[in-house]
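Reader: I have the model open now. Can you walk me through it, starting with the enclosed space inside?

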Amino acid sequence: MYTCESISHLLATCKTLAAFKQIQAYAYKSNIYSDPFVAGKFILHCAIASSDAFHHALRLFLDVPAPDVFMCNAIIRGLSESETPQNSIPMYSKLRREVGFGPDSFTFAFLLKGVANYRCLRDGVQLHCQAVKHGLDGHLFVGTTTVSMYGECMCAGYARKMFDEMFEPNVVAWNALVTACFRSNDLMALEAVFGEMPFKNVTSCNVMLAGYMKAGETEAATDLFSEMDVKDAVSWSSMIGGFAHNGCFNEAFGVFRGSVRSGIGANEVSLTGVLSACAQAGAFEFGRIVHGLNEKSGLNWIITVNNALIDTYARCGNVAMARLVFDSMPDKSSVVSWTSMITGLAMHGCGKEALQLFHQMESHGVKPDGVTFVSILYACSHGGFIEQGSTYFSNMIEIYGVEPSVEHYGCMVDLYGRSGQLEKAFDFVTKMPFSPTDIIWRILLGACSIHGNVKLAEHVKGSLALVDPDNSGDGVLLSNIYATAGKWRDAAGVRRSMENQQIKKDPGWSTIEIDKVLYSFVAGDKRDKITEKAHEKLDEIMLKVRVEGGYMPEVATVLHDIQEEEKEDAVTRHSEKLALAFGLARSREGRTIRIMKNLRVCRDCHTVMKLVSKLYRVQIVLRDRSRFHTFDSGFCSCRDYW
């Protein structure tokens, strides 16, 4: 015989709608469903268990002749926690009108949570007024959710006013106020409230950690983290993700190691955070360690972690490992998984493979989105597939119903510009349905630099000066074009103009991972033991490529009117060459050398990399600002088209 307690226990273990219907049938058969308490439990479970079960909860609700406030709240809660929380307000109005139930504190708490989820200040204020009208605003539960709602709507001031009206707020209410300050990006207010708190728990500290990391205050976050008596998985993950977000990759790796040693273990957030750091830094070896830990922990079924692994391996220069992870995924229903793999193939110059994978994606019934088409157009651009790229762009709206964004238009400008069709690229820009952004003009200026079109470059730079006058890269590109054309006076004029406007050029840097440690090189930096070793090895390399490889420096890439000897020295000391030299000096024979650079690789460095791969019998994987170059036996994967 089923009782209320046994039914409640069965519902707690129920995971699917089919199983739910079986339990419901037993309840009907035993006549226990006639109990309003049991009926309410069924409606609540069905309303919040899964998104596809809400329609069944609504059917159960409509079958009840006189639904009570608990049942009404269950329907409102189901909508507020669904993918369409904005529907909870009309449902509340309908229930008030047709059922005539009197709302209680839970009603407003659920409604306010729904408003917080879709961040509509107007609806939130109206609900706040309704709560005041019914005399429920002083309820601790309602007050706390109101504070959270104002926080999610980026109104920390309103949240503070609501908080100040609360009678004896508990730690949950204080945490809601701290979170409101965090959501509003107000670090000063966040620190002030955190300092006021009469009692703090790990949640309070975690919000403060996230606030410090979001503001780039990594030292303050580190100090607070060290002072915390209790650290949970969120604490460690906040530090890992925060360091990765702020470019402190070695620190992110160190905290991840600490989390494993502490016994916290790997979880979805910490794994994706540290893999993000690996991907940004190009730390392939550390990424492999994280991959092994993921397998050992039995978390290889989590889609987000697998997607992060695909991105990490691809951005660390090993697209074969990325493909291995993708092919072994048990669930390929996520468009993010397919897009990540397509992007990885595209950035490695495997344009044909990227397009083939796109067609496989379609055959699997996965619908491409806007990000997928950015990757596809990128693959066409870097592969020289002009006609295919134009076709995909046209089909976006006509076949797939995806509205092109500025990123897609930028890809098309790059597609035409990279192939040398500069006039066609310029014509495409002038016919866009919106005013060209600085990104669009900058892509076209880069194409002018590649193909040496001085006249068009001057016109594009003029347009860029109107929309983004303070970008150093634009002046450097124009100066580069002038210098390559031998127009030193014009190049010097651009440089003087940049100096007068106090526009500084971003320095070029390169990183390399040796024995799981990242080393960074910047051309012209003060020498230390590490860079001295790199310079010594680089002298040997440059002599070898001259004598045995017939290398001649491409001094046209040097942007100054100086003596040839000085130009040769300047071009041979680029950061990627220093990283390469250090890698050859420190890496074991037969190991692939992986280098990450923040700017576009110059032609001279590209030539040297090809020669070194042949003369030293080593594979070099170089990631620059736009793509990967894999050098092997004197050839590059880009086929000199980049």
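Author: About 50 Å³ of space lies in the largest cavity, where a cavity is a set of points on a 1 Å grid over the protein atoms alone at which a 1.4 Å probe fits but cannot get out, and a volume is the space filled by probe spheres set on points joined across faces, edges and corners. This is a predicted model, in which local features need pLDDT of at least 70 and side-chain atom pairs count only at pLDDT 80 or more, while totals for chains, interfaces and linings use all residues. Residues are numbered from 1 along each chain as its sequence is written, and side-chain values use heavy atoms, with hydrogens and water left out.

Reader: How many cavities of 30 Å³ or more does the structure hold?

Author: The structure holds one cavity of 30 Å³ or more.

Reader: And what lines the largest cavity?

Author: Ten residues line the cavity, with Thr16, Leu17, Phe20, His45 and Ala49 nearest its centre; a lining residue has an atom within 4 Å of a point. Helices H2 (17-29) and H3 (36-49) each supply at least two of the lining residues, and H3 has the largest share with three, helices being DSSP runs of H or I with at least four residues and strands runs of E with at least two, numbered from the N terminus. By type, the lining divides into six nonpolar residues, three polar and one charged, where Ala, Val, Leu, Ile, Met, Phe, Trp, Tyr, Cys and Pro count as nonpolar, Asp, Glu, Lys and Arg as charged, and the others, Gly among them, as polar.

Reader: Switching to open space, which residues lie nearest the centre of the second largest pocket?

Author: Those are Glu285, Glu513, Ser587, Arg591 and Thr592, out of 16 lining residues; a pocket is an open set of points with protein on both sides within 12 Å along at least five of seven lines. Helix H18 (284-296), S1 and strand S3 (593-597) are the elements that give two or more residues to this lining, and S1 gives the most, with three. The pocket holds about 320 Å³ of space, and its lining divides into four nonpolar, four polar and eight charged residues.

Reader: Which domains does that lining draw on?

Author: At least three residues come from each of domain 1 (213-331) and domain 2 (509-636), with bounds taken from an automatic or database domain assignment.

Reader: S1 keeps turning up, so how does S1 pair with S2?

Author: S1 (residues 509-514) and S2 (residues 517-522) pair in the antiparallel sense over six bridges, pairing here requiring that DSSP finds at least two bridges between two strands. Ser510 stands opposite Phe521, and the two strands form a hairpin with two residues between them, where Asp515 in the turn has a positive phi of about 50 degrees.

Reader: What about S1 and S3?

Author: They are antiparallel as well, over three bridges, and Thr511 has Met596 as its bridge partner in S3. The six strands form an open sheet in the order S2-S1-S3-S4-S5-S6, with mixed pairing.

Reader: Last topic: how many aromatic pairs are there?

Author: The count comes to 23, taking rings of Phe, Tyr and Trp (its six-membered ring) with centres within 6.5 Å, and calling planes under 30 degrees apart stacked, over 60 edge-to-face and the rest tilted. One of them is Phe326 with Trp338, edge-to-face at 4.9 Å centre to centre and 75 degrees between the planes. Phe326 lies in helix H20 (residues 319-327) and Trp338 in helix H21 (residues 335-347), so the pair ties together parts that are twelve residues apart in sequence.

Reader: Is Phe326 buried or exposed?

Author: Phe326 is buried, with a relative accessible area of 2%, where buried means under 20%, exposed over 50% and partly exposed in between, using a 1.4 Å probe and protein chains only. Trp338 also counts as buried, at 1%.
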